[in-house]
Amino acid sequence: MGVSVQTPRPSDYAVIARLFTSVYVGEGYGVQPLHRADVATWAEHALLLVAVEAAEAGSGGTRILGIIGLVHAGTGTTRVAVIGEGEVQRLAVAADARGRGVGRALVEECVARSRAAGDLRLVLWTQPTMTSAHRLYERIGFERRPDRDTADPRGFQRLVYALEVGSQLGRGS
């Protein structure tokens, strides 16, 4: 079955919350569970994308395999982006969907949308223990930016990655 990336419907928010919670809380990344209302609030400030595949024949519908958010500096709840940058947020892929290109498809869609929006750079932050995600970002072309690393209010280290997606040529002054 093929995987496609699309924007979710509000009726998907509870599924997104469960997926995020199963990955980030269930795998010990030290964050609070997301609830449907949290996803709705996130969607007010970010472009949410989901990776889906058609459900088993006869069952109808689709299955959400992964989620990601994209925010542009100055327009949402960014943590590390500055003006001229987009920021990837909260990549999560269901455990049984890993290794199938789901995370890559979601990140690459963010790259394309960031480029189309005229961003110069796309940034993200990740935790030191998320080594599989680090490898994915590096394969796509993101580079570590330790000069931009920060700690969040709880003391978790944020490792920053950046990818050049545009140029100043052609941007309005």
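1. A residue counts as partly exposed when its relative accessible area falls between the limit for buried, under 20%, and the limit for exposed, over 50%. In this predicted model, Arg98 has a relative accessible area of 39%, and it is therefore partly exposed. Arg98 belongs to the loop between β4 and α3.

2. The surroundings of Arg98 bring together separate parts of the chain. Setting aside residues up to four places away in sequence, Arg98 touches Val23, Glu27 and Val93. Arg98 and Glu27 are 71 residues apart along the chain, and their C-alpha atoms are separated by 14 Å.

3. Apart from neighbours within four places in sequence, the contacts of His134 are Thr126, Gln127, Pro128, Leu159 and Tyr161.

4. Helix α1 deserves a check of its length. With 13 residues at 1.5 Å a residue, α1 should span 18 Å; the end C-alpha atoms are 17 Å apart, and the two values therefore agree. The cut-off behind the expected figure is 1.5 Å times one less than the number of residues.

5. Which residues of α1 are buried? They are Tyr13, Ile16, Ala17, Leu19, Phe20, Thr21, Val23 and Tyr24. The elements covering these buried residues include α2, β2 (47–54), β3 (62–72) and β4.

6. In soluble globular proteins, nonpolar side chains tend to be buried together.

7. Not counting residues up to four places away in sequence, Phe142 touches Val107, Val111, Leu122, Leu124, Tyr137, Tyr161, Ala162 and Leu163.

8. The largest pocket holds about 1100 Å³ of space. It is lined by 45 residues, of which Phe20, Tyr24, Arg90, Leu91 and Met130 are the closest to its centre. By class, the lining comprises 20 nonpolar, 13 polar and 12 charged residues. At least two lining residues come from each of α1 (13–25), α2 (36–45), β4 (85–93), α3 (102–116), β5 (121–126) and α4 (131–140).

Methods
Residues numbered from 1 in each chain as written. Predicted model: local features only at pLDDT ≥ 70, side-chain atom pairs only at ≥ 80, totals over all residues. Heavy atoms only, no water. 1 Å grid on protein atoms, 1.4 Å probe; cavity = no way out; pocket = protein on both sides within 12 Å on 5 of 7 lines; lining within 4 Å. Points joined across faces, edges and corners; volume = space filled by probe spheres on them. Helix = DSSP H or I, 4+ residues; strand = E, 2+ residues; numbered from the N terminus. Nonpolar A, V, L, I, M, F, W, Y, C, P; charged D, E, K, R; others polar. Contact = heavy atoms within 4.5 Å. Buried < 20%, exposed > 50% of the residue type's maximum accessible area, 1.4 Å probe, protein only.
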